[in-house]
Amino acid sequence: MIEVTRVTKTFKVARRSAGLKEALKSFVHRQYQEVRALNDISFTIGDGEMVGYIGPNGAGKSSTIKILSGILTPDGGNCLVNGKVPWKERVEHVKDIGVVFGQRSQLWWDVPILDSYELIRDIYRVKEAEYRKNLSELTELLDLGEILRTPARQLSLGQRMRCEIGASLLHSPKILFLDEPTIGLDAVSKIAVRNFILERNRQHGTTVILTTHDMQDIEALTKRILLIGKGKILLDGNLEEVKGTFSKVKQLTVQYSGAVPKMAEGMRLSVKEQEVREQSLSGQGILTIQVDTDVLKVSEAISYLSSQTEITDISVAGASLDDVVVGLYKQYEI
Ligand SMILES: Nc1ncnc2c1ncn2[C@@H]1O[C@H](COP(=O)(O)OP(=O)(O)OP(=O)(O)O)[C@@H](O)[C@H]1O
């Protein structure tokens with residue numbers, strides 16, 4: 001269980017104007033500006049939950065993850081992770097958590113991955129039997145076989161990321177913090193990483209907090225999202241419900257054979273008039289229709305269309321999660 005209560009964090013940043021004169025001045029009179037990274041944030045995450053922590057650049061996501069993993073101390077508020085205060089009980093706390101920062105490595109650059117893993121085993125004092133079991137499971141699921149004997153610096157980004165995730169799980173943590181785990185990966189590697197995380201959660205009940213700008217990660221992995229902006233939690237809700245509030249308009253793609261169907265109130269054609277005219281001459285075609293579900297249900301729109309023409313194929317799509325997130329950022333002015 002993760003309980004974050006009224007946490008605040010302010011950074012003091014040195015400020016000076018450009019130029020040599022200003023640089024010399026700042027030696028004598030240093031000026032500081034305060035950046036409020038976290039402003040009174042609270043949330044609770046239950047055991048085995050997978051939560052997407054999203055927000056624009058500079059919103060405060062990494063600062064939260066650093067506090068939850070004990071790297072940063074907040075100025076105010078409290079935080080309990082499995083009953084422990086992360087920055088006060090660090091040694092005990094790190095046994096419970098695994099952390100992957102997509103932009104930083106926890107592996108030793110010049111030594112084979114297996115040597116890094118053995119160092120991690122010693123640091124976390126993982127028992128030999130547990131280490132062997134975890135290593136063989138992770139090697140199989142993350143397809144690490146060949147690459148375990150290669151130094152990190154010789155691996156591709158995708159191979160290294162699989163090794164990073166393996167490294168974070170060698171001590172069987174109950175909670176996994178993933179900060180942009182698929183950044184820079186190709187489509188195949190992204191899917192492999194997502195599937196592994198899903199499987200880990202299913203089989204071991206691992207709690208996952210995922211920060212990412214990749215909405216496909218969020219869609220594939222999480223049911224709940226926490227939206228942070230300017231250091232404040234702006235929304236904590238079910239992903240499907242949040243999507244629902246933004247997807248009043250559904251898009252129907254209709255393949256038909258016969259007359260071009262007329263549009264009812266609440267339905268709007270997305271294709272150009274010229275295209276419709278051409279389709280009308282050929283007696284068949286594909287139309288893209290926007291349906292405002294406040295006016296007309298999708299099922300009503302489909303039966304209205306099929307009363308006028310023969311529908312040979314149809315697909316319904318909602319707003320993409322990227323559209324939803326852009327809408328949220330606009331709504332909350334972040
Ligand atoms: N060590 C630091 N010193 C000074 N300011 C910092 C430090 N770390 C973070 N900040 C500031 O705190 C704010 C929140 O930063 P944070 O890295 O938590 O954002 P983020 O949501 O993770 O952003 P991104 O999506 O770009 O990674 C930003 O304004 C950032 O400049």
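**View 1. Gln251 and its bridge partner.** In strand 12, Gln290 is the bridge partner of Gln251. Strand 10 (residues 249–257) and strand 12 (residues 284–292) pair in the antiparallel sense over nine bridges. Two strands pair if DSSP finds at least two bridges between them. Strands (E, at least two residues) and helices (H or I, at least four) are DSSP runs, numbered from the N terminus. The model is predicted: local features need pLDDT of at least 70, side-chain atom pairs count only at pLDDT 80 or more, and totals for chains, interfaces and linings use all residues. Residues are numbered from 1 along each chain as its sequence is written.

View 2. Four strands form an open, antiparallel sheet in the order 11-12-10-13. Strand 11 (267–269) and strand 13 (310–317) are the edge strands, and each pairs on one side only. Helix 11 (residues 298–306) packs on the sheet and touches strand 10, strand 11, strand 12 and strand 13. Contact means that C-beta atoms, placed from the backbone, lie within 7 Å.

**View 3. The largest nonpolar core.** This core has 59 residues, and Phe177 and Val208 have the most contacts inside it. A nonpolar core is a set of buried Ala, Val, Leu, Ile, Met, Phe, Trp, Tyr and Cys residues joined through C-beta atoms within 7 Å. Buried means that 20 or more other C-beta atoms lie within 10 Å of a residue's own, with C-beta atoms placed from the backbone. Helix 6 (residues 157–169) gives the largest share of this core, five residues.

Notes: Contact = placed C-beta atoms within 7 Å. Axes fitted to C-alpha atoms, helices over the stretch in contact; angles between N-to-C directions. Buried ≥ 20, exposed ≤ 12 C-beta atoms within 10 Å, placed from the backbone.
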